[in-house]
Amino acid sequence: LAASISFSGIIAQKKGNSSSEQKINADNEHKPNKPSIPQFTSKKERHHLPIKLGLSLRYNIHERWNIQSGLTYSCLISDFSKGNPNYDYRQTKQKLHYMGIPLQVGFLFWKSSRFNSYIAAGGQAEKLISGKATTSFSVNNEYRNISTEKIHDKRLLFSGLASIGIEYSLKKNFSMYIEPN
């Protein structure tokens, strides 16, 4: 209510004040406890660590060189907030789910009977398979509205990959690995 009275007064001042509008503006200027819209606003973004799972296959083209491919699943979660937490505030949580196909060339630089160390480089194509954004609005610390929106994107995302890893052979053609990339 205070914002619309003040706003009307500003418009009236530009056009020429009537006596009643001047009185409203004068009264509001001298009231010490008049309600006002807080000026402090904040904007925050938080991106959680991505979750990525995958299954990969490797084809040895030489004793130390190989080609790797497979299928990956990624989940990306982000939080966004905007406004003044004590007055008018909006929070959004976004979840995106991707499926991808990586293609890499690898080189084994250390081999033992059970352990291998390697480096690899290549690329990956990913497609958004599901996404949604849930937004909640609050005014004066009371939630007014919660909305959910589906996110669609038909484009493929391309990225480069570079990694170094350690592999442990469980059986002749099956192994587990740790690979920060």
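Modeller: Residues are numbered from 1 along each chain as its sequence is written. In this predicted model local features need pLDDT of at least 70, side-chain atom pairs count only at pLDDT 80 or more, and totals for chains, interfaces and linings use all residues, while side-chain values use heavy atoms, without hydrogens and water.

Colleague: What makes S4 and S5 a pair?

Modeller: Strands are DSSP runs of E with at least two residues, numbered from the N terminus. Two strands pair if DSSP finds at least two bridges between them. S4 and strand S5 (residues 115–139) are joined by 23 bridges and run antiparallel, so they meet that definition. Phe107 stands opposite Ile119 in S5, and the two strands form a hairpin with three residues between them.

Colleague: How many bridges join S3 to S4?

Modeller: Strand S3 (residues 65–83) is joined to S4 (residues 88–111) by 17 bridges, again antiparallel. Leu76 stands opposite Leu96 in S4.

Colleague: Why is Leu170 called partly exposed?

Modeller: Buried means under 20% relative accessible area and exposed over 50%, with partly exposed in between (1.4 Å probe, protein chains only). Leu170 has 37%, and is therefore partly exposed. Leu170 lies in strand S7.

Colleague: Which strand supplies the largest share of the nonpolar patch?

Modeller: S7 does, with four residues. The patch covers about 980 Å², and Leu170 and Phe174 are among its residues. S4, S5, S7 (156–171) and strand S8 (174–178) each supply at least two residues.

Technical notes:
Patches are made of residues with over 30% relative accessible area and no salt bridge: like charges are joined within 9 Å, nonpolar side chains (Val, Leu, Ile, Met, Phe, Trp, Tyr) within 5 Å. Accessible areas come from the Shrake-Rupley method with a 1.4 Å probe; for residues, only the protein chains shown count as cover. A salt bridge is a side-chain nitrogen of Lys or Arg within 4 Å of a carboxyl oxygen of Asp or Glu.
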